[in-house]
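Please open the model in a viewer and keep the selection panel at hand.

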Amino acid sequence: MSEPDGPLVLGIETSCDETGVGIVRGRTLLADAVASSVDEHARFGGVVPEVASRAHLEAMVPTVERACETAGVRLHDVDAIAVTSGPGLAGALLVGVAAAKALALALGKPIYGVNHLAAHVAVDQLEHGPLPEPCLAMLVSGGHSSLLRVTDVTTGVQPMGSTIDDAAGEAFDKVARLLGLPFPGGPHIDRVAREGSSVYVDFPRGLTSRRDLERHRFDFSFSGLKTAVARWVEARERSGEPVPVADVAASFQEAVCDVLVRKALDAARSEGIEDLLIGGGVAANSRLRAMAEERAAGLGIRVRVPRPGLCTDNGAMVAALGAEMVARGRTASSLDLPADSSMPVTEVLAG
Amino acid sequence: MLLAFDTATPQVSVAITDRDDPERVLVELTSERAMKHGEQLAPLIAEALERCGLVRQDLTALAVGVGPGPFTGLRVGLVTARTLAHVLEIPVYGVCSLDVLAVEAVDTGALGAPDEGTEFAVATDARRKEVYLARYDGTGARLSGPVVDRPAQLATDGPVVGEGALLYPDSFPHAVGPSRPSAGWLARAVAGERAELHDPEPMYLRRPDATMPGTPKRVS
Ligand SMILES: [Zn+2]
């Protein structure tokens, strides 16, 4: 470790459509450079893997340069390289992993191939200080919806529940499309929902019936909700009445947030955990934050949500986890570490 | 010291050339397992340096095959080359992977005496029952291409270098020379200025597969 305040780590994230390069020193964020190809995907209504991979290749070196400039550090001063090894889009991950290896090789520094989900958890340290362990992490985005029990963010992450069909963010995207709102749907639903009534339609809460709770207590399902919204909208259109977009958006958002918060708090309580951390792109949703804080307060549970820029995929989160790996003396990955599109969350560090 | 690598085929190939005699290849390594570019390239580079008793700071230039070839592997080579070049502050030269096969075929006499001037083609596997193909004059200079198409559309009785000829003998009955581009010949092609040098940009030749969404499917 070169500095008393922690290792200087550069992190690379390319699991989906953002090319992220972050630099941290210990738990201090120095730079978080992100190049997004989201505009190129918008017209397809979802992320096109090959388009994302091509964009990662073009953005990689410029984004590394930008991160170094912002942080005011030279690449040669970096103590270690961290990279998202998985899970994610295979071809996209591979660009980041190959770039990280080239950096490690050219700088003569160790490389840590880390789990994307654990990185979503570790990023909160950059904003709110050391992570309380154990904590209950709920990660919700276009690609994930999971409840994790985190005893040690570098080695001990156990899945408690996840979606059995669509990811939470996917439901936002699909409902946005139904309502004629642009991709990605999350921010647009959040925006128009502020003008609508959250109790206008009582949309179903997936996997919350007594029977479902026996088998899927901490799992999510958003596919039925999406279909229910579609049916409701179609019925309105058939009757020739205008669709109250703001009310539908608010009612849908309420249903998603209700299930997420209910299950997350239930999971925390069942484990006797007093800290809930929410991450992933959907954590930027204003209603989710407000509802979680309100309900958790009543249970004596503290809620931590990183600021929106750190919730979406970025390189800083990977650097944050990498710095924790170095600080806790974990063994670095080897140069033949793979990009693993289905990396299990229990594998926090690739071999 | 030139470090060269090509990832435009299922294999990864890495080579390093001599400082004083740039056309002399000191070491050439080829990966064992197919389609594992991301896992194998960096360790192969490290091993090549070690076998030559070199450190990374000894490298003075990079050469990389820019395809055409399967995209995923191709990008591993290109992002590695760009990143290494950025950190080591050395130039990186991109060479069409088909040109490398052409140079090897000519220089090893696979097409007969080098001055005979026989035109030939290089064809590699583009998958989806297609090939990448370019045409060359007898010295190995590219005349046209590369293009991607069905073998039958590009069929020729003339000599054809590369894996494409072996895969589609009906369209390319006259297969000659090497089948896959080697990093050793990539290095020689750059050192001997035998091939056109490009920026390290991938030759994709195909657009990404993506479908425009229609209107949402009705559920009721
Ligand atoms: Zn994510």
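This is a predicted model: local features need pLDDT of at least 70, side-chain atom pairs count only at pLDDT 80 or more; totals for chains, interfaces and linings use all residues.

Now display its surroundings: leaving aside residues up to four places away in sequence, A:Val47 touches A:Cys16, A:Asp17, A:His41, A:Ala52, A:Leu89 and A:Phe183. Take A:Cys16 from that group and draw a distance between the C-alpha atoms: A:Cys16 and A:Val47 are 31 residues apart along the chain, and the separation is 7.7 Å.

**The two domains of chain A**

Next, colour chain A by its domain assignment, with domain 1 as 8–123 + 314–327 and domain 2 as 135–306. The contact between them draws on 16 residues from domain 1 of chain A and 13 residues from domain 2 of chain A. Their centres, taken over C-alpha atoms, are separated by 27 Å. Together the two domains of chain A bury about 1,200 Å², with 83% of that area on carbon and sulfur atoms.

Select A:Leu117, A:His120 and A:Val121, which supply 45% of the area that domain 1 of chain A buries against domain 2 of chain A, more than any other three residues. On the domain 1 side, H1, helix H4 (116–122) and helix H13 (315–327) of chain A each give two or more residues. H4(A) gives the most, with six residues. By class, this side of domain 1 of chain A has 10 nonpolar, five polar and one charged residues.

**The two domains of chain B**

Move to chain B, where the assignment gives domain 1 (2–97 + 181–191) and domain 2 (111–176). The C-alpha centres of these two domains of chain B lie 24 Å apart. Six residues of domain 1 of chain B are in contact with five residues of domain 2 of chain B. The area buried between the two is about 540 Å², and carbon and sulfur atoms give 64% of it. Highlight B:Pro68, B:Pro70 and B:Cys96: these residues of domain 1 of chain B lose the most area to domain 2 of chain B, together 67% of what that side buries. Between the two domains of chain B there are zero salt bridges and zero residue pairs in polar contact. The residues on the domain 1 side of chain B divide into five nonpolar, one polar and no charged.

**Between the chains**

Finally, show both chains and select the contact residues: 39 residues of chain A meet 38 residues of chain B. About 3,300 Å² is buried between chain A and chain B, 67% of it on carbon and sulfur atoms. In chain A, the residues that lose the most area to chain B are A:Arg54, A:Leu57 and A:Leu105, together 20% of what that side buries.

Two salt bridges are found across the interface of chain A and chain B. Zoom in on B:Arg82 and A:Glu58, which form a salt bridge whose closest N and O atoms are 3.4 Å apart. Seven residue pairs are in polar contact between chain A and chain B. On the side of chain A that touches chain B, H2, helix H3 (90–107), helix H6 (168–178) and helix H9 (223–238) of chain A each supply at least two residues. H3(A) provides the largest share, 11 residues. Coloured by class, this side of chain A divides into 21 nonpolar, six polar and 12 charged residues.

Technical notes:
Residues are numbered from 1 along each chain as its sequence is written. Chains are lettered from A and ligands numbered from 1 in the order in which they are written. Side-chain values use heavy atoms; hydrogens and water are left out. Contact means heavy atoms within 4.5 Å. Domain bounds come from an automatic or database domain assignment. Buried area is the accessible area (1.4 Å probe) that two parts lose on being put together, summed over both. A salt bridge is a side-chain nitrogen of Lys or Arg within 4 Å of a carboxyl oxygen of Asp or Glu. A polar contact is a pair of N or O atoms within 3.5 Å; within protein, one must be able to donate a hydrogen and the other to accept it, and residues adjacent in sequence count only if both atoms are side-chain atoms. Ala, Val, Leu, Ile, Met, Phe, Trp, Tyr, Cys and Pro count as nonpolar, Asp, Glu, Lys and Arg as charged, and the others, Gly among them, as polar. Helices (H or I, at least four residues) and strands (E, at least two) are DSSP runs, numbered from the N terminus.
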